[in-house]
Amino acid sequence: MLERLFKLSENKTNVRTELVAGLTTFLTMAYIIFVNPSILAEAKMPFGAVFAATCVAAAVGCFLMAFLANYPIALAPGMGLNAYFAFGVVGGMGHTWQVALGCVFISGIIFLIVSVLPIREWIVNAIPKSLKMAIAAGIGLFLALIALKNAGIVVGNPATLVAHGKMTSWPVVMAVLGFAIIVALEHRRIMGGVIIGILVVTVISILAGHQKFTGIFDTPPSIAPVFLQMDLAGALKVGLVTVVFAFLFVDLFDNTGTLIALAHRGGFMRPDGTVPRLRGALISDSASAMIGAALGTSTTTSYIESASGINAGGRTGLTAAAVGVLFLLALFLSPLAGSIPAYATAPALLYVACLMARGLTEIEWNDITEAAPAVITAIAMPFTFSIADGIAFGFISYAGIKLAAGRLRDIHPAVAILAVLFVIKYVVIG
């Protein structure tokens with residue numbers, strides 16, 4: 001049955017190799033089952049219900065990728081988008097988490113449409129590479145700021161806006177230790193370095209009496225408080241168009257870039273640069289975003305951590321299916337998730353931020369008309385505490401700078417249209 005479903009022989013692999021690859025991928029991305037609920041809890045969402053939604057959404061996404069595209073690519077609620085959900089849409093704009101879930105659901109519908117139609121390629125090709133890289137880096141800087149805030153390293157200050165906190169406090173010391181452990185383990189290519197760092201800090205905090213231990217295993221918490229709670233009517237308001245677009249835009253480019261990178265890493269890419277079964281992979285991702293919103297979590301997307309499983313020999317959807325099963329088994333770890341303090345997950349956020357910030361190296365620094373809008377995009381996200389505003393500032397500045405420099409031909413019609421729409425949004429809505 002497995003041979004028929006996943007074409008193991010055709011892909012020169014076997015069941016054992018695929019299962020080991022699945023375990024490898026799961027261990028490199030399992031931190032999301034602890035980090036995602038802690039982030040969305042900042043949006044006043046119930047921790048236990050989000051924990052359950054995270055595990056189920058990840059499992060569903062993995063199964064869709066396994067059976068629709070037959071790729072060893074795992075999915076889960078995406079980093080960056082969950083922070084934008086909690087700190088931008090809910091915390092910053094003041095919307096309810098139900099409305100935010102509605103925005104995620106609608107963005108998933110649009111993503112599904114553009115994935116089926118040729119619109120996706122037109123949009124992807126329209127955006128300059130410098131802006132794409134700047135958006136990824138900007139999200140990384142946004143995550144870094146949240147990580148430093150959660151660790152108590154960065155605090156508010158009425159005179160200077162921000163300042164450093166008490167550097168000898170327990171959360172700061174533990175966060176620094178956790179980050180050092182994660183970086184050291186990842187440098188040594190030790191599997192599961194991120195989750196090991198989180199657990200080490202948690203165990204030390206429990207033993208030192210700074211964190212309450214609530215157990216390891218228990219029956220899964222109810223998903224009912226967040227299941228089908230998205231507010232679609234609220235999400236359809238004109239003022240939330242930018243929010244929907246931000247979810248769509250980031251997921252579209254993040255997912256496309258991840259799929260291309262993983263296809264190249266795994267040798268799936270054709271000689272002409274095209275990716276076979278790409279439509280199935282994109283449909284899996286967009287459908288996962290909708291299903292995840294219905295279950296009660298932020299945007300579900302493909303994970304670059306799948307590269308670890310591919311390096312371990314994963315070549316088919318059986319790897320993704322194995323990850324999905326492990327996410328379902330993780331449902332029984334809810335007490336452990338509840339025992340992990342925010343300063344233990346902060347190092348994981350900062351580590352992911354470091355990986356995303358390397359997009360800055362791909363910017364065309366020798367062309368100031370490309371570099372300036374990219375820098376504006378990247379720094380606007382943490383400074384405005386909004387991914388959506390960062391994207392908007394990037395498009396507006398790109399079109400404006402190119403126009404002022406007399407390089408009108410560099411502006412793709414799609415970029416020009418979006419820049420004008422963003423300007424109108426700020427003039428009319430604010």
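Predicted model: local features only at pLDDT ≥ 70, side-chain atom pairs only at ≥ 80, totals over all residues.
View 1. The axes of helix α5 (residues 81–92) and helix α8 come within 10 Å and cross at roughly 65°. That angle makes α5 roughly perpendicular to α8. The crossing of this pair is left-handed. On the α5 side, the residues that take part are Ala 83, Tyr 84 and Phe 87, and they meet Phe 142, Leu 143, Ile 146 and Lys 149 of α8. By class, the contact of α5 with α8 holds six nonpolar residues, one charged residue and no polar ones.

**View 2. Helices α8 and α17.** Helix α8 covers residues 129–151 and helix α17 covers residues 342–357. Their axes come within 8 Å and cross at roughly 160°. The two helices are therefore roughly antiparallel, since an angle over 145 degrees counts as such. The crossing of α8 and α17 is left-handed. From α8, the contact draws on Ala 136, Ala 137, Ile 139, Gly 140, Leu 143, Ala 144, Ile 146, Ala 147, Leu 148, Asn 150 and Ala 151. Facing them in α17 are Ala 342, Tyr 343, Ala 346, Leu 349, Leu 350, Val 352, Ala 353, Met 356 and Ala 357. The residues of this contact between α8 and α17 comprise 18 nonpolar and two polar ones, with no charged residue. Leu 143 of α8, listed here among the residues that meet α17, also belongs to the contact with α5. Ile 146 of α8 likewise meets residues of α17 and of α5.

**View 3. Surroundings of Glu 370.** Glu 370 lies in helix α18, which runs over residues 368–384. The relative accessible area of Glu 370 is 8%, so the residue counts as buried, the cut-off being under 20%. Its side chain is joined to that of Lys 402 by a polar contact of 3.0 Å. Neighbours within four places in sequence aside, Glu 370 is in contact with Pro 128, Ser 130, Glu 364, Tyr 398 and Lys 402. One of these, Ser 130, falls within the residue range 129–151 of helix α8.

**View 4. Surroundings of Ala 49.** Ala 49 is part of helix α4 (residues 47–69). With a relative accessible area of 4%, Ala 49 is buried. Apart from neighbours within four places in sequence, the residues in contact with Ala 49 are Ser 222, Ile 223, Pro 225 and Val 226. Ala 49 and Leu 350 are separated by 301 residues in sequence, and their C-alpha atoms are 25 Å apart in space. Leu 350 is one of the α17 residues in the contact with α8.

Notes: Residues numbered from 1 in each chain as written. Heavy atoms only, no water. Axes fitted to C-alpha atoms, helices over the stretch in contact; angles between N-to-C directions. Helix = DSSP H or I, 4+ residues; strand = E, 2+ residues; numbered from the N terminus. Parallel < 35°, antiparallel > 145°, perpendicular 65-115°, else oblique. Left-handed = near helix turned anticlockwise from the far one by under 90°. Contact = heavy atoms within 4.5 Å. Nonpolar A, V, L, I, M, F, W, Y, C, P; charged D, E, K, R; others polar. Buried < 20%, exposed > 50% of the residue type's maximum accessible area, 1.4 Å probe, protein only. Polar contact = N/O pair within 3.5 Å; in protein donor to acceptor, adjacent residues only side chain to side chain.
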